[in-house]
Amino acid sequence: MASEFAIETKQLCHTFGTGAVGVRVLHNVELQIKRGEVVILMGPSGSGKTTVLTLVGCLRSVQEGSVKLLGTELNGAGDETLMGMRHRIGFIFQAHNLHKSLTATQNVQMGLQIHGRQANRNWREACHHMLELVGLGDRVDFMPDQLSGGQKQRVAVARALVGNPEVVFADEPTAALDKESGHKVVSLLRRLADERQTTIFMVTHDHRVLDYADRIIKMEGGRVVEEESILFPGIEPVNH
Amino acid sequence: MSQIIGWLWGRLPIGWLQLMHNKTRLIAAVGGVTFANVLIFMQLGFMNALFETSVFSHRSFDADIVLVSSDFRSLREANPLPRSRMYQALAIPGVQSATPIYMGTRFWTDTATGDTTNFRVTGVDPNAEVFEDQVLSRKTRHLLVPDTAIVDQRTRDFNSAIQATLQSGGSVNVEIGGRSISFVSLFDQGASFDVDGSLIVSDQTFLRLFPNRRPGTPTLVLLKIDDPKSAAEISEHINQHLAQGDVKAMTKQEFIDAEQRYQATQTPIGFVFTFGVGIGIVVGLVIVYQVLSTDVQDHLSEYATFKAIGYPPRFFFSVVLEEALSLAALGFIPGLVICLVLYQLAAAKTGLPITMPWTRPLFVFFLTAAMCTISGVIATRRLNAADPAELF
């Protein structure tokens with residue numbers, strides 16, 4: 001049976017470069033994120049948040065320590081395992097990275113297609129439904145060039161969510177969005193967590209969306225410095 | 001279109017859509033492939049014309065076996081052989097008849113236009129049936145009159161006034177090799193790379209035109225045999241029998257093959273055209289590679305995103321290949337059309353039989369597809385630069 005935690009790291013360390021020029025960017029990071037939890041990772045730039053996100057998101061090889069994603073150890077995992085795990089997660093990047101030659105629907109379809117022909121049988125309905133959820137139901141056949149920055153970002157959100165990921169990683173998802181669309185996107189993520197037990201792990205500086213999180217983890221200098229539970233304000237922050 | 005590809009692939013035809021999205025790049029790429037195709041088609045057209053025209057005379061003879069001097073390489077430089085070998089060959093069982101053929105080249109300057117024409121002169125026995133073309137074989141009767149010639153109406157830049165006179169049944173007197181010769185009739189053969197046209201004369205006239213050639217030393221001897229199927233066998237038999245070593249017998253097909261082999265391997269012309277085909281392929285390869293690698297470069301962040309979603313390396317490989325093969329197909333069609341037009345123009349200009357056999361488009365398309373695939377394979381090496389960890 002799957003473990004209780006969607007994401008669990010132990011003694012996670014990471015170094016960029018080797019030997020004398022090597023820079024250690026993560027020091028013994030310990031994280032435990034339950035399924036269905038919405039967690040926000042905060043910290044100044046250079047604090048290692050993005051490195052954590054890429055390590056637990058199967059985009060970078062784990063060097064030292066342990067990362068368990070949905071019960072699978074990522075340290076020492078081969079390319080095949082990493083690729084298989086990527087099918088089970090969704091990524092929302094700061095830049096939308098939409099394919100300029102594809103329509104909104106086709107871009108979303110790229111997120112669905114990876115799951116094989118079975119998942120694609122009703123791709124049109126699935127993609128359109130997802131675009132409606134992010135408020136773009138009337139723009140399904142638009143090319144990215146015809147969409148505003150915020151709309152593009154919402155298409156990228158739809159692409160990340162259409163495959164029903166078990167964990168969603170988001171890097172500043174609201175940075176390019178106005179207040180209203182930002183709330184729309186984050187509340188959508190919140191709903192996925194509540195209804196489908198989707199785990200949301202998000203890096204953000206956007207204070208407008210902090211209210212949606214269950215927990216806020218703060219990093220500094222490659223260490224977790226503070227954890228704060230939002231829903232239970234009575235509990236004292238854990239200091240490391 | 002994209003729906004058809006999508007259905008075939010079982011996925012979105014990203015490569016196709018990418019190509020269609022950037023029209024300027026698409027036109028440049030298709031233009032490059034088209035250009036390469038035109039180059040290859042033209043070189044093949046000329047090369048084929050070389051091979052075809054070099055054996056026009058060979059094919060025109062009605063023979064099962066041909067006797068040539070033992071050092072035969074090409075008709076252009078064929079040495080004469082002793083006629084006594086013809087009689088020896090006639091003694092071999094199965095050999096039905098033998099006819100000597102004299103060949104040489106003579107320049108003729110048309111006094112009306114000042115143009116000089118290089119004729120291949122073929123001297124035949126006017127009473128013998130020498131040519132496959134029955135009409136032509138009967139025409140040789142005209143040559144019983146001394147100093148007459150039948151002239152090739154497809155001679156390069158042939159004087160149309162002479163042609164008109166001959167067509168209306170008249171004759172035209174010209175001076176060739178210091179002798180007055182009368183053109184009395186026309187036949188149809190065509191120019192080749194080494195001569196502009198052909199003349200057929202009687203063996204007697206031939207010897208007058210070529211005073212240094214002696215009777216009894218023909219260039220070729222044509223043999224007819226009872227059973228054409230046993231040509232190889234009998235030619236082998238003749239070679240064993242004529243052990244003096246100054247002549248050799250070949251079947252007609254061997255005779256044609258020997259000439260073409262000589263043109264392909266011994267003359268620089270064959271090499272030049274093969275080289276031209278190679279250059280066409282390299283040009284196409286470079287252009288397609290350039291376009292595909294720029295395209296990969298431009299889409300690195302999208303590809304990295306797809307990698308983050310979990311697409312395997314073979315997916316990207318197939319996208320680039322899809323683009324490569326689409327370019328091959330899109331460039332091939334205009335290339336073929338342009339070449340069909342150019343073939344007509346070149347054939348009219350040079351008098352060479354530049355034609356498009358149906359196998360050539362298949363061959364060139366295969367070559368184009370291979371060329372684009374190789375470019376695509378090289379371009380995919382750039383995919384490694386698409387690192388999803390760099391997206392942040």
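Me: What radius of gyration would a compact globule with 240 residues have, and what does chain A have?
Reply: Please note that this model is predicted. A compact globule with 240 residues would have a radius of gyration near 18 Å, and chain A has 18 Å, so the two agree. Along its principal axes, the C-alpha trace of chain A spans about 50 × 40 × 40 Å.

Me: How many helices and strands does chain A have?
Reply: There are 7 helices and 11 strands in chain A. Of the contacts in this chain between residues at least 6 apart in sequence, 66% join residues at least 24 apart.

Me: What should I know about the nonpolar core?
Reply: In soluble globular proteins, nonpolar side chains tend to be buried together. In chain A, buried residues account for 44% of the 240 residues. The largest nonpolar core has 162 residues, and those with the most contacts inside it are L41(A), I65(B), L67(B), L223(B) and V288(B). Helix α3 (residues 23–54) of chain B provides the largest share of this core, 12 residues.

Me: Which residues is L223(B) in contact with, leaving aside its neighbours within four places in sequence?
Reply: Its partners include A63(B), D64(B), I65(B) and L67(B). Also among them are A89(B), V95(B) and A98(B).

Me: How many residues does each chain give to the contact?
Reply: Chain A gives 23 residues and chain B gives 19 residues. On the side of chain A that touches chain B, α3(A) gives the most, with 5 residues. By class, that side of chain A has 7 nonpolar, 11 polar and 5 charged residues.

Conventions: Residues are numbered from 1 along each chain as its sequence is written. Chains are lettered from A and ligands numbered from 1 in the order in which they are written. This is a predicted model: local features need pLDDT of at least 70, side-chain atom pairs count only at pLDDT 80 or more; totals for chains, interfaces and linings use all residues. Two residues are in contact if their C-beta atoms, placed from the backbone, lie within 7 Å. Helices (H or I, at least four residues) and strands (E, at least two) are DSSP runs, numbered from the N terminus. Ala, Val, Leu, Ile, Met, Phe, Trp, Tyr, Cys and Pro count as nonpolar, Asp, Glu, Lys and Arg as charged, and the others, Gly among them, as polar. The radius of gyration is taken over C-alpha atoms; the globule rule is 2.2 Å times the number of residues to the power 0.38. A residue is buried if 20 or more other C-beta atoms lie within 10 Å of its own, exposed if 12 or fewer, and partly exposed in between; C-beta atoms are placed from the backbone. A nonpolar core is a set of buried Ala, Val, Leu, Ile, Met, Phe, Trp, Tyr and Cys residues joined through C-beta atoms within 7 Å.
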